[in-house]
Amino acid sequence: MNLLSLFVAFNCGILMLFQQQGSATAIRVSDTLPADSLSSESSLPSKTRTAVFALGSFWHSEAVFGCLDGVLRTTAGYAGGSKLNPEYRNIGDQAEAVEVEFNPEIIRYEQLLDVFWTSHDPTQVFGQGPDVGSQYRSAIYFQGQEQENLALLSKTREEAKLSEGQLTTEIKPIGIFFPAESEHQKFELRRNSELMQLLGSAGIGEDLSSSRLGTRLNAYAAGMCSISRKKEFDHLLENFLKWRSNLREIAES
Ligand code: MHO
């Protein structure tokens, strides 16, 4: 394997940079518990791809993509800048971004681009919604010629639709994607105590960063799932809450 093999000590974990299909990805190796069973590599399709987008707060960006059919995982992180090992409180010139791992046989890069364009305001200068600053800029960080062509084409198409304003979206090669600190991964899920309890009661839950189930539930917590998938999770949660209250009744009787 063509390893860039750059190891950088970082907090309590290590960031490992490696070269993959022409792009470098930094892996934040943490000392948390192993990933849940749904993230087992054996159940992954043989050819997955990644796409990186910046569209404001990465808490929201993860949720935007997390419930789409064909999306396997989302990771909140930093991209587009020159600062090495960025952190939330020391982000330098990096943008908050999301890395989307997807199965191209189920969802195409073009479809992810459509979701990107419709999920934020790419005309807003220096921020997104109430979040102001260059870390919230709109960007597509492509990997390879095909992604670059598709990204540029989609931008031209979006530009043609505008009646006023201008697209601020930058389109650049990905360079290095730095995963964010674990407390920023699956943030919408983390702040939903019932879902966290559900995961905990199933013995799942610590390594939310790389979890496929975490990716889905995070989007569900943010209200970003399709009606049918939402129903599935509503049902699961309802059963869990019933089960929990029955258990409490028995414990108190
Ligand atoms: N102010 C925003 C953005 C947080 S962020 C991860 C919020 O509280 O949702 O930059």
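This is a predicted model: local features need pLDDT of at least 70, side-chain atom pairs count only at pLDDT 80 or more; totals for chains, interfaces and linings use all residues.
Colleague: Let's start with strand 9. Is it buried or exposed, and how many of its residues tell us so?

Modeller: Buried here means under 20% relative accessible area. In strand 9, residues 138–142, five of the five residues are buried, so the strand is largely enclosed by the rest of the structure.

Colleague: Which way do the residues of strand 9 point?

Modeller: S138, I140 and F142 point one way, while A139 and Y141 point the other way. Residues on both sides are buried.

Colleague: And which strands are joined to strand 9 by bridges?

Modeller: Take strand 4, residues 49–55, to begin with: four bridges join it to strand 9, and the two run antiparallel. In that pairing, L55 stands opposite S138. Then there's strand 10, residues 170–173, also joined to strand 9 by four bridges, but here the two run parallel.

Colleague: What unit do strand 9 and strand 10 make with helix 3?

Modeller: Follow the chain from strand 9 through helix 3, residues 144–161, to strand 10, and you have a right-handed β-α-β unit.

Colleague: Now for the surface. Which residues make the nonpolar patch?

Modeller: V125, F126 and V132 make it, and it covers about 350 Å².

Colleague: Where is V125 found, and is it buried or exposed?

Modeller: Find the loop between helix 2 (109–118) and strand 7 (127–128); V125 is there. Exposed means over 50% relative accessible area. V125 has 67%, so it counts as exposed.

Note on methods
Residues are numbered from 1 along each chain as its sequence is written. Side-chain values use heavy atoms; hydrogens and water are left out. Buried means under 20% relative accessible area, exposed over 50%, partly exposed in between (1.4 Å probe, protein chains only). Two strands pair if DSSP finds at least two bridges between them. A crossover is right-handed if, with the strands pointing away from the viewer, the path from the first strand over the helix to the second runs clockwise. Patches are made of residues with over 30% relative accessible area and no salt bridge: like charges are joined within 9 Å, nonpolar side chains (Val, Leu, Ile, Met, Phe, Trp, Tyr) within 5 Å. Accessible areas come from the Shrake-Rupley method with a 1.4 Å probe; for residues, only the protein chains shown count as cover. A salt bridge is a side-chain nitrogen of Lys or Arg within 4 Å of a carboxyl oxygen of Asp or Glu.
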